[in-house]
Amino acid sequence: MESKQSVMILAEIRSQQVHDLTWEMLTWGRKLADKLGVQVDCVVLGIEQGNFQELIHWGADRVLAVTNGRPDGILATPAARLLVEIIRAEQPGIVIAPATTFGRTIMPITAARLATGLTADCTELDIDPKDNLLLQTRPAIGGNIMATIKTARTKPQMATVRPRSIKPDGFDHTRQGEVMIKQYDTANAWPETLLSFRHNEENDINLENADLVVAGGKGMKSKENYQQLEELAVLLGAGLGATRDAVEAGWAPFARQVGLTGKTVSPKVYIAAGVSGKIQHLAGILTSEYIIAINEDADSQIFKVADLGIIGDAPTVVTQLIQALKDLKTDGKEH
Amino acid sequence: MKIIVLIKQVPGTANTRMNPETGVMIRDAGETILNPLDEHAVTEAVMIKKKHPGTEVIALTMGPPSAQKVLREACARGADRGILLSDKAFGGSDTLVTSRVLAAAIRKIGDTNLILAGEKATDGETGQTGPMTAALLDMPVLTFVHRLEVNDMHIIARRMVEDGIEEIKADLPALVTVVKDINNPPLPTIKGYILAKKQKFPVWGPVDLALEDGTMGLKGSPTRVVKIFTPKLSRQTTFYTADTKEQLPGAAEAIIKVLKSRSLTEKGDRYGV
């Protein structure tokens, strides 16, 4: 094959391990690479060992494990140095990374060092058939419109991609690929040291992985009403989310915010109670399998993405739903 | 110690418009404010100054002439002075070019120990300008910081990442981007406003920063908005009306039917950790 510029995807690393989010990145990578007829390189920064075969099964033609031989090689500055080195060596046409605290730190450092463009937080990637350039689409201006961005004059074309913007797809345990370990010396600059790491407590249902999410917006009308959703979430074992408006009103902590600036969810069912459906919020829920919306305004934008729409006062409907679920459980016990 | 705070003027409401021809945001319309996270960055700088007497806090922004308003606000909040980077040639800059201009200004200011910025701005929401500026200045960058301890030679910062809190020590000079949890910005005092009102802010352009034609603005930016659109949102929606008491049970039943069909009415171990 001619030296065609590959699609390079950056594996998400958490606690010195490849995170499952990488499968989504590989799904994007495969989609783009197949349109261009090029290979997918998966770059793993800072670790030499892991289940790299799995990354090949998920779509990588090559896994490039890039290290500097240091245990804390994944801190942003040294990791970005490694990424710059591997990009210079491999000359990919496209580099994509998850829009996480990891990707959103390393990618801008890398893009600046390479003097190329970077688009943040894309929710859609495609190839323009006219010029084979990467079409990077992201919600813009508070999320009320979408903008498609191109990096026409510099290479590589770089983008960070929202987690959960695609369903992992294309796993093939017969796919063959190559694993390469590359070491670069980045010892000349070592300005950062990791002192400690404290894991989050796991007392809350992880919103991002929940199969069922209940979320409330301004249409819940008060903090007390919003707290009803907590009862509903506990009853259903659901993750509890909120819109930016609800968070700004002080009804819920930022950790519950779903949307462009908060978390992206991908449940089997998403229940939006009193949510108007600003694009900023929709950006975080569009990969949900089924969306139930409860809103008193029949023209509300949330209904455009809903599979089931309940036109009515959200707090009242939620109260009714809680009661009906409680009745259901009592009935169940009687039989 | 010399601290520079990177700040940005952003639209106060969600009414920003975009020029559909060029894809560039129109920033002259409507009320503008200091980017909320930058308020936290200014507050943090002023708090460091209180602990380290002799510290100078400089607010730096790139924007239209009207952006001196946010410099004034930063000074009202305790910054010692402000510098405005403004020129027609800067218009339409993407994050890389904005960082290029900021980095040139920081080099011109000279001898900076610490640079602070909000993690992202509410208009672009990219969070890229901080790390890019640090990279162009060849200094370490610590993002998503919610606790900061500053000594003469180094900083210790706690970063909020997805699965926990990372504590990192970095040599100075360094750039830190902060999140909301780092502090509670107090309201500016009347005395602060009176002092800030007297401030004159120097305006630096391409010549002051020795930036060449073609490296700035829309022309110098590697990324270009090629299309803007309102997304088509359409699913086949089944509607129920729940306006009256009589209609409520039917609506609840419809929801429960969906949950039941997907085995979601009973709590299980179906959620991940």
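Reply: Start where the chains join. S18(A) pairs with strand S15 (residues 238-242) of chain B in the parallel sense, over five bridges. Strands pair if DSSP finds at least two bridges between them. Strands (E, at least two residues) and helices (H or I, at least four) are DSSP runs, numbered from the N terminus.

Me: How should I read the numbers and letters?
Reply: This is a predicted model, where local features need pLDDT of at least 70, side-chain atom pairs count only at pLDDT 80 or more, and totals for chains, interfaces and linings use all residues. Residues are numbered from 1 along each chain as its sequence is written, and chains are lettered from A and ligands numbered from 1 in the order in which they are written.

Me: Which residue in S15(B) is the bridge partner of A:Ile310?
Reply: B:Tyr240.

Me: New topic. How do H2(B) and H5(B) pack?
Reply: Helix H2 (residues 68-76) and helix H5 (residues 190-198) of chain B pack at about 135 degrees, axes 7 Å apart. Axes are lines fitted to C-alpha atoms, for helices over the stretch in contact; angles run from 0 to 180 degrees between N-to-C directions.

Me: Which residues meet there?
Reply: B:Arg72, B:Cys75 and B:Ala76 in H2(B) meet B:Gly192, B:Tyr193, B:Leu195 and B:Ala196 in H5(B).

Note on methods:
Contact = placed C-beta atoms within 7 Å.
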